[in-house]
Amino acid sequence: MRVLITGAAGFLGSHLADRFLAGGHDVVGMDNFITGSPDNIAHLTGNPHFSFFEHNVTNFIYVAGPLDGVLHFASPASPRDYLELPIQTLKVGSLGTHKALGLAKAKKARFLLASTSEVYGDPLVHPQPEAYWGNVNPVGPRGVYDEAKRFAEAITMAYHRYHGLDTRIVRIFNTYGPRMRVLDGRVVSNFIVQALKGEPITVYGEGAQTRSFCYVDDLVDGIVRLFERGTNEPTNIGNPREFTVLELAKIVIRLTGSKSRIVREPLPEDDPKVRQPDIGRARAQLGWDAKVPLEEGLARTIDYFRRKLA
């Protein structure tokens, strides 16, 4: 196959590019480096099966030659990013998805949208199945990301129904691993960097809010399976094992051997109290489940950050 990956220089996009290349496919990468990094794809320089274009996907996308797939991963994805880049986040979710869908339609390619568990908002149903419509504040500070992805899902389904486009929607739950940015702003990278620097570890509220952490290799495996043999229905991909944020902080302190202490700050507005995927659909349709235990994945991620901070 020959596939286009938007956001290819990002944390997830670069791992996905590696996976398709390892499968013997050709990959066209696209990124404008707002949150992606050239370092994430530097190892692909000179690979004859990889080509790259620096481009903002909210503008018309031109790619010469055939494409079998378009995988749309371009978007700020951490709270820090989308709170600092609210307009860009809304534009890549709306205009960028529209442009990527148009390219897939023109090339008669399969389209996969990287959506998010944030479409469920601060959920009133736990764990969250795909049939749950969510509890989202559209005018709150996090709404720029939540609603951008909800619109992206809606326009993807419109292209599927109206144009007959072969589409996939993956709802990604908290994912971590190598190539996360030092200043990413997500809880795993925050805790690891603070612990390795010996700084206080910041926990919001009492740390009783829960998250489910999926190692990046597991996530990419689920996404590839969804792309290859999934259906057009939204599909949760994430690790269903649930941890409190305070539990995560204590595990990171232990694994790093850090002397950091835990400090508490007020909860951000609209911060979800719980987050846990119902992965029944992924198990039944894709034969997929998360395999990497949290401590094993954290150890690999800590090693990566040790090297980055050295």
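Student: Which residues line the largest cavity, and what makes it a cavity?

Tutor: The lining of the largest cavity consists of His72, Ala74, Ser75, Val92, Gly93, Thr97, Leu113, Lys149 and Ala152. On a 1 Å grid over the protein atoms alone, a cavity is a set of points where a 1.4 Å probe fits but cannot get out, and lining residues have an atom within 4 Å of a point. The model is a predicted one, in which local features need pLDDT of at least 70 and side-chain atom pairs count only at pLDDT 80 or more, while totals for chains, interfaces and linings use all residues. Residues are numbered from 1 along each chain as its sequence is written, and side-chain values use heavy atoms, without hydrogens and water.

Student: How much space lies in the largest cavity, and which elements give two or more residues to its lining?

Tutor: The space is about 30 Å³, where a volume is the space filled by probe spheres set on the points, and grid points are joined across faces, edges and corners. By this rule there is one cavity of 30 Å³ or more. Helices α3 and α4 (143-163) each give two or more residues to the lining of the largest cavity, and α3 has the largest share, three residues. Helices (H or I, at least four residues) and strands (E, at least two) are DSSP runs, numbered from the N terminus.

Student: What is the strand order of the open sheet, and what makes a strand an edge strand?

Tutor: The seven strands have the order β3-β2-β1-β4-β5-β6-β11, with parallel pairing. An edge strand pairs on one side only, as β3 (50-54) and β11 (234-237) do. From one strand to the next, the twist averages 20°.

Student: At what angle does α3 run to β4?

Tutor: Helix α3 (residues 86-107) lies across β1 (2-6), β4 and β5 and runs at about 175° to β4. Axes are lines fitted to C-alpha atoms, for helices over the stretch in contact, and angles run from 0 to 180 degrees between N-to-C directions. Helix α6 (residues 216-229) runs at about 160° to β6 (167-172), and it also lies across β1, β4, β5 and β11.

Student: Why is Asp271 called buried, while Arg300 is called partly exposed?

Tutor: Buried means under 20% relative accessible area, exposed over 50%, and partly exposed in between (1.4 Å probe, protein chains only). Asp271 has 14% relative accessibility, so it counts as buried. Arg300 has a relative accessible area of 32%, so it is partly exposed.

Student: What does Asp271 touch, not counting residues up to four places away in sequence?

Tutor: Asp271, found in the loop between β13 (262-265) and α8 (280-286), touches Asp122, Arg142, Gln209 and Arg211. Contact means heavy atoms within 4.5 Å. Arg300, in helix α9, is in contact with Pro178, Tyr215, Asp217 and Val292, leaving aside neighbours within four places in sequence.

Student: What makes a nonpolar core, and how many residues has the largest?

Tutor: A nonpolar core is a set of buried Ala, Val, Leu, Ile, Met, Phe, Trp, Tyr and Cys residues joined through side-chain atoms within 4.5 Å. The largest has 58 residues, and Ile5, Leu16, Phe20, Leu71, Phe73 and Leu298 have the most contacts inside it. Its largest share, seven residues, comes from α6. Another core, of 23 residues, lies apart from it and includes Ala104, Tyr159, Leu165 and Ile169.

Definitions and conventions. Two strands pair if DSSP finds at least two bridges between them. On a 1 Å grid over the protein atoms alone, a cavity is a set of points where a 1.4 Å probe fits but cannot get out, and a pocket is an open set with protein on both sides within 12 Å along at least five of seven lines; lining residues have an atom within 4 Å of a point.
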